[in-house]
Each structure stands twice: as structure tokens, then as C-alpha cells.
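Subject: Structure for your review

Dear colleague,

Please find the structure below, together with its sequence. I would be grateful if you kept it open while reading the notes that come after.

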Amino acid sequence: MYWISKSIHKLGRGRRRLLIFLAVLGPGIITMIADNDAGGISTYAQTGAKTGFNLLWAFIILVPMAYYVQEMTVRLGAVTKRGHAEAIFDGFGKFWGWFSIFDLAVINWLTLVTEYIGMTQAMRIFNIPEWVTFIGVTILMTIIVVTGRYWTFEKITLFFCFFNLVYIPAAIWAMKTGNVHEGWLAVGRGFWPSAHAGLGGVALLTLIMANIGTTITPWQIFFQQSAVVDKGMDIRDIKYGKIDTLVGALTTCVVAAFIIIATAGVFFYHPGGQITVESAAQTAAMMPTVMPAGTHWGQWAKVLFAIGLFDAGLLGALCISLSTSWALGEVLGWAHSLNKSVREAPWFYVAYVVMLLAAGIVSVISSVAVQNTITIFVQVVAVTLLPAALVFLILLLNDKELMGAHTNTRWQNIANWSIVVFVITVSTLYGVSVLFPDLFSFGT
């Protein structure tokens, strides 16, 4: 009877813990998967088409990088009950507060343009005009956030997160083409760092920076912390919030790796010679033409890539515009919660809609060549601005008066400062490579 009672007790405790985790689940997964946004999909597509499997090893590094950065926002939000913008203003004063907000607003708006580019290009594949997509998705995203409840927004967004997984079957079909003679063994070798990636120094460093910039971004820091606060998480939820964040980090990097596998298998290893693509939309459109004749894999891959691209843009646009509205509300004193109605928080929702309209209009009027350039450029800018956001975050997490028992441990500080040094090093190398391209002749 003792063992039966103990087993029942353990099952009950396990059930309670599972229910708590399911209740807490959301901010981490949404933040991470939304980071596989339209610009990210295009970046990964170009990475696979231009370097094959040679940069897959980067995601072994990016998983812990993403996790260590974002779990700090969980602790900071749960302990302080304040968003990141408010925490910076309180901790460092108005000058640095406005500096961080300016950085966030600029990179968020540029990134939001790429989300609309991704959505309009994806729908163009199904012959839907850009302006129809622009109007339709703007109305849809406005409806999603004006419900007056954070819970509703979170559940709808989690539903959209599942569509990010469509790239996994697309990659499996790509590997079935037989283009990659060594099959999945070649994929496995891609997880071992190699100096040779088929590109020259500047181009290779640009892609590496873009991959970092689309996996760890300033808006994620602001968004997840504000989401933690709006959800009402507290100190007791930190453990489960960390698990939520780890699951998100693993998922986003696994999906990114499968996107690279899909495009590498079809374009980099094409029997007729390597084919270069410049965007996810171009990747999707070309899938039927490069897949083996007589199969339906290409058509299905095209549909999956288009659906995934649209979903990625929608998720990214929702989260990025919200992170801006939350941040502005925190520093300007507006009511800034998804749990408040439009009447209760008018300027919060006005800022959200204005961001959407401004970015959407630019995406509609720009040419395809300009759109493709913006997409990669934004990821590079994001990683350049990232160190400042990380430094503020780490300093706040080491403030014992602010964080109490939840300050960074020695190991967390080592890991996070290493990330800052790594990002600064890569950014510096990129700058030097642009000025002195002959110094970076590897991979040619």
C-alpha cells in the first residue's frame, strides 16, 4: 500500500507540475519561433543555397546563445514586474533609456518591413496582389491584438507557431532527390566547423552575421520580458519559464537547420550546377523547376515554403510591432497591456497599427531587388546593435538590489559575457572585411 500511495502521490505531483508548465508556456516558444521570421527564412535559404551544409555547425552555438540571452528576460520580468524599456530607464537613466528605445524602434521598423516583404512575396506565389495581402494581414493582426486579453493573443500565436514546422518535410523531400550522393551523412558533416564554405570572406561573414542576427535580436529581449509581465508570471514561474525558453531555442534552431538542408539539397547540390537564390519567395517559386521531373515533391515543397514564409512573416510582424508598443508605453506612461481594451489603452494600439501601416507601405512600393537587399541588410544591422542591448541586460541581471537571489551566477555571467565578446568580434571582423577584403580570402 505504501508504494501504491507513493506512486499516486508522484503522479499527482507530476500532473500538477505539467499543468503549471502548460500555463506558463508561451512567451519563450513564441519569441523564439517568431524569430524564424520572413527575413530569417530568406537568410537560411540563401545560406543553404550558397554554402550547402557547411554552416550547420553554427546552430550548435546558437542554441545556447539564444537560451542564455532570453532566460535572463524571464528572470528580470518575473522579479521586477517591469518591461525591459522601463527597467533600462530606471537602472541607467533617461539618456541610455532613450538610446535603447531609439535603437529598438529603428531596427524593429526595418525588420517589420522584411516581415511584410515575406508575406506579400509568399502570397504573390498564389497570385494574390501585394496590396491585397498588405490590407488583409494588417486587418488580421489588428483583430488579433485588440481582443483585450493577453491569453487570447498567446493561444492564437502558439497556433501559428506550429506552421513553422512545415520546413521539416520540405527538407526530407529535398534529400530524396538524390542530389546529395552521401545523403544524410553529408548533412552530419555540416555540423563540424569547416573553413571552406564555398564563399569569399566578405560574403561568408555577411551570411554568418545574418544568421546570428536572425537568431538573437534586440526585439526578442524587449518582447519576451514584456510578455512575461503581461502574462502575470512571478518568481515561482521562473523554472518553467526557463524550460519554455529552452524548448523555443531548440525548436527555432532545428527548423532553421532544416531550411538550410532543404535549400542546400536542391540548389547547392543541383546536378546541373549550383543555383543561387536571393530570397525565400524565389526559393519557393523555383522548387518545382529544380526537383526531379515526374515527381510531385517540387510542387509540395513550393506550397510548404510559401505557407511557411507567410506564417513566419505574420508571427514576426505580430511580435515585433508589439515589442515596440510595449516599450513606448513603458517609457511614455501609456497604458500598455493586451489585457486592456482599445478604450483603456488607445495609444498602445495606435502605435501598434502605425508601425504596421508604415512598414507595410514601404514593402508594397519597393522593388524585388530592393526587398532582397533589405532582408539581408536588416539581419546584419540587428547583430551590430545587439551588443548594446546585451550589455544593458547583463548589468541589470547583476544588480543584487534589483534581482535579489535571482542575479546571474558566475557561470551565467561567463556565458553571457562570452556571447557579447563573440558578437562584437564577428561584427568587427565583418567591418574589417568590408574595408580590406583581401585579408579574408578563405573559402574562395
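The notes below set out what was found, topic by topic.

This is a predicted model, in which local features need pLDDT of at least 70, side-chain atom pairs count only at pLDDT 80 or more, and totals for chains, interfaces and linings use all residues. Residues are numbered from 1 along each chain as its sequence is written, and side-chain values use heavy atoms, with hydrogens and water left out.

Cavities and pockets

Rolling a probe the size of a water molecule over the atoms shows where empty space is left. On a 1 Å grid over the protein atoms alone, a cavity is a set of points where a 1.4 Å probe fits but cannot get out, whereas a pocket is an open set with protein on both sides within 12 Å along at least five of seven lines; lining residues have an atom within 4 Å of a point. Grid points are joined across faces, edges and corners, and a volume is the space filled by probe spheres set on the points.

The structure holds four cavities of 30 Å³ or more, and the largest cavity has a volume of about 90 Å³. Helices α5, α6, α12 (218-231) and α17 each supply at least two residues of its lining; helices here are DSSP runs (H or I, at least four residues), numbered from the N terminus. Among the lining residues of the largest cavity are His84, Ile88, Phe99, Asp103 and Phe392. By class, this lining divides into nine nonpolar, two polar and one charged. Here Ala, Val, Leu, Ile, Met, Phe, Trp, Tyr, Cys and Pro count as nonpolar, Asp, Glu, Lys and Arg as charged, and the others, Gly among them, as polar.

The second largest pocket has a volume of about 170 Å³. Of its 13 lining residues, Gln121, Arg124, Glu130, Val368 and Gln371 lie nearest its centre. Helix α6 gives the most to this lining, with three residues, and the lining of the second largest pocket has three nonpolar, eight polar and two charged residues.

Buried residues

Which residues of α5 are buried? They are His84, Ala85, Ala87, Ile88 and Phe89, where buried means under 20% relative accessible area, exposed over 50%, and partly exposed in between (1.4 Å probe, protein chains only). Glutamine 46 lies in helix α3 (residues 38-51) and counts as buried because its relative accessibility is 3%. Glutamine 46 and phenylalanine 268 are 222 residues apart in sequence and 9.8 Å apart in space, C-alpha to C-alpha.

Positive phi angles

Most residues other than glycine have a negative phi, and most peptide bonds are trans. Lysine 81, in the loop between α4 (58-80) and α5 (84-92), has a positive phi of about 60° although it is not a glycine. Lysine 81 is partly exposed, with a relative accessible area of 42%. Asparagine 127 sits in the loop between α6 and α7 and likewise is not a glycine, yet has a positive phi of about 65°. Asparagine 127 is exposed, at a relative accessible area of 63%. Just after α5, glycine 93 takes a positive phi of about 95°.

Helix α7

Valine 132 is placed in helix α7 (residues 130-145) and is partly exposed, with a relative accessible area of 34%.

Yours sincerely
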